[in-house]
Each structure stands twice: as structure tokens, then as C-alpha cells.
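Here is a short note for a colleague who is new to this structure. Please read it with the model open.

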Amino acid sequence: MSAVVTLEGVNGVGKSHLGRLAAAALGPVCLPLVELSDSAPAGLPGQVIAALHSGGDRFLRTGHPGTETLLLAALQVHRHEALAPAGPGQVVLEDRGPASVAVYQAAVLAETAGATDAWALERAMAIEQMIRMWRPAPATTVLITDDPDACRTRFERRTGQAASLDEWALMSRAGRLYHLLAAVSDNYVVLDRQVLDEESAVGLITGLCRDAAATAPDGVAA
């Protein structure tokens with residue numbers, strides 16, 4: 001098992017970019033783990049993601065949110081089981097972990113049910129707890145936040161397509177749920193890009209990774 005630091009946040013917040021910079025700064029200390037949607041297409045995660053994406057929805061909504069939730073939760077467990085153990089002093093830097101499935105799927109379920117954020121938070125906590133029954137929680141979850149309009153601009157620039165009204169509504173609810181989930185959890189660190197510049201943000205992430213690697217018992221998950 002390995003010490004894991006997970007980067008979370010809404011689409012367009014820049015977590016993958018910051019993660020790549022942090023991994024480069026850490027060098028051999030860091031074992032980067034890409035986002036599920038960036039998994040190699042030939043592998044099981046890539047095949048499942050491709051199947052969910054076959055309908056063309058960028059948030060993997062097929063109209064069967066319960067099934068989607070179970071599939072994505074299972075992939076979170078699978079990716080952890082497939083990890084080679086990190087060596088002493090190493091840390092896995094994970095781009096999206098259990099909280100991503102919990103937050104986004106709770107937002108989708110709430111959208112389908114016409115439910116409140118409080119209802120969605122309960123679902124998010126239940127989904128995250130379900131995943132953690134089968135894989136250890138990250139040592140630290142870094143919730144990266146930024147101005148919502150800046151996130152939307154980055155998302156649209158990266159995808160080359162404007163966000164639809166329902167996509168923007170889903171992203172907005174996910175942003176609110178992340179904050180609510182962080183407020184009731186004990187292993188979250190909030191990184192606000194409106195307060196920290198890029199160099200400082202990368203420094204915070206690398207520091208948390210080094211702490212996790214240094215404090216995790218050898219061969220035992222944090």
C-alpha cells in the first residue's frame with residue numbers, strides 16, 4: 001500500500017496542471033496517478049469510461065445515475081488495487097480520488113431527483129464512505145478552488161466547446177458540494193487559487209506530499 005495525496009476540484013480549476021508541476025518538482029519522490037478519464041483506452045478503466053462517454057455527455061451521464069455511480073466507485077477501488085506499492089519516502093499524487101465520484105455523482109443524483117444541496121451532501125458522504133470500505137482514504141485531500149468564472153473559462157478553452165446551461169449548473173453544484181464535504185471532513189486542505197499564486201500553490205502541494213511520504217509507515221497506506 002502507498003501514501004496517497006489526492007487533488008480535487010471542479011472542472012477547469014487547474015488541478016491537473018498544478019499536479020504535473022508538483023510531480024515534476026518532487027521528482028522520484030512522486031508517483032503520479034492520472035485522472036480516470038485520462039486512463040489508457042486499452043485498460044479496464046479506459047474501456048469503462050469510453051462506454052459511459054459513448055452517449056456524448058462530457059460528465060458521463062447516461063441516464064442511469066445509480067449504475068454510473070457503482071461503476072465509477074468500482075474504478076476508484078480498482079485503480080488503488082492496481083497500484084504498485086510506493087517505496088519508502090515516496091507518495092502517490094492522485095488526480096481525482098473518491099471525493100470526485102462522491103461529489104459529481106451526488107450532484108447528478110440530486111439533479112435527477114430535484115433535490116437540495118443538503119440532500120446531495122448526504123449522498124456524497126455515503127458514496128465516499130462506500131468507496132473507503134474498499135480502499136484506504138487519502139492521507140490528504142487537497143481541494144483546489146478558484147473563481148467560478150475562471151474555472152468555466154479554462155474548461156471551455158480546454159474542451160473547445162462552451163459549457164451548456166445544465167453542465168454549468170452541475171459544475172456549480174459540484175463546487176458547492178466540495179466545500180460542504182470539506183467542512184465536515186478531517187483530511188481536507190483547501191487551496192484557494194485566488195489567494196495563492198501558482199508557485200505558492202505548487203509549494204503547498206509538494207509540502208503535503210513530502211509530509212505524507214515521511215509520516216506513512218513503510219508499506220502501509222496512509
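1. First, a term. Two strands pair if DSSP finds at least two bridges between them. Keep in mind that the model is predicted.

2. Strand β1 covers residues 4-8, and β3 covers residues 91-95. The two strands run parallel, joined by four bridges. Across from V5 stands L93 of β3.

3. β1 also pairs with β4, residues 140-145. This pairing is parallel too, with four bridges. Here V5 has T140 as its bridge partner.

4. Is β1 buried or exposed? Five of its five residues are buried. V4, T6 and E8 lie on one side, V5 and L7 on the other, and both faces are covered.

5. Next, the largest pocket. Its volume is about 1100 Å³. The lining counts 47 residues, and N11, K15, E35, S37 and R96 are the closest to the centre. Elements that give two or more residues include β2 (30-33), α2 (44-53) and β3. The most come from α1, which gives six. By class, the lining holds 20 nonpolar, 14 polar and 13 charged residues.

6. The second largest pocket holds about 240 Å³ of space. It is lined by 15 residues, with V10, D146, P148, G175 and H179 the closest to its centre. β4, α6 and α7 (165-183) each give two or more residues. α7 gives the most, with six. The lining divides into nine nonpolar, five polar and one charged.

7. One link to check on screen: β4 pairs with β1, and β4 also gives residues to the lining of the second largest pocket.

Conventions
Residues are numbered from 1 along each chain as its sequence is written. This is a predicted model: local features need pLDDT of at least 70, side-chain atom pairs count only at pLDDT 80 or more; totals for chains, interfaces and linings use all residues. Side-chain values use heavy atoms; hydrogens and water are left out. Buried means under 20% relative accessible area, exposed over 50%, partly exposed in between (1.4 Å probe, protein chains only). On a 1 Å grid over the protein atoms alone, a cavity is a set of points where a 1.4 Å probe fits but cannot get out, and a pocket is an open set with protein on both sides within 12 Å along at least five of seven lines; lining residues have an atom within 4 Å of a point. Grid points are joined across faces, edges and corners, and a volume is the space filled by probe spheres set on the points. Ala, Val, Leu, Ile, Met, Phe, Trp, Tyr, Cys and Pro count as nonpolar, Asp, Glu, Lys and Arg as charged, and the others, Gly among them, as polar.
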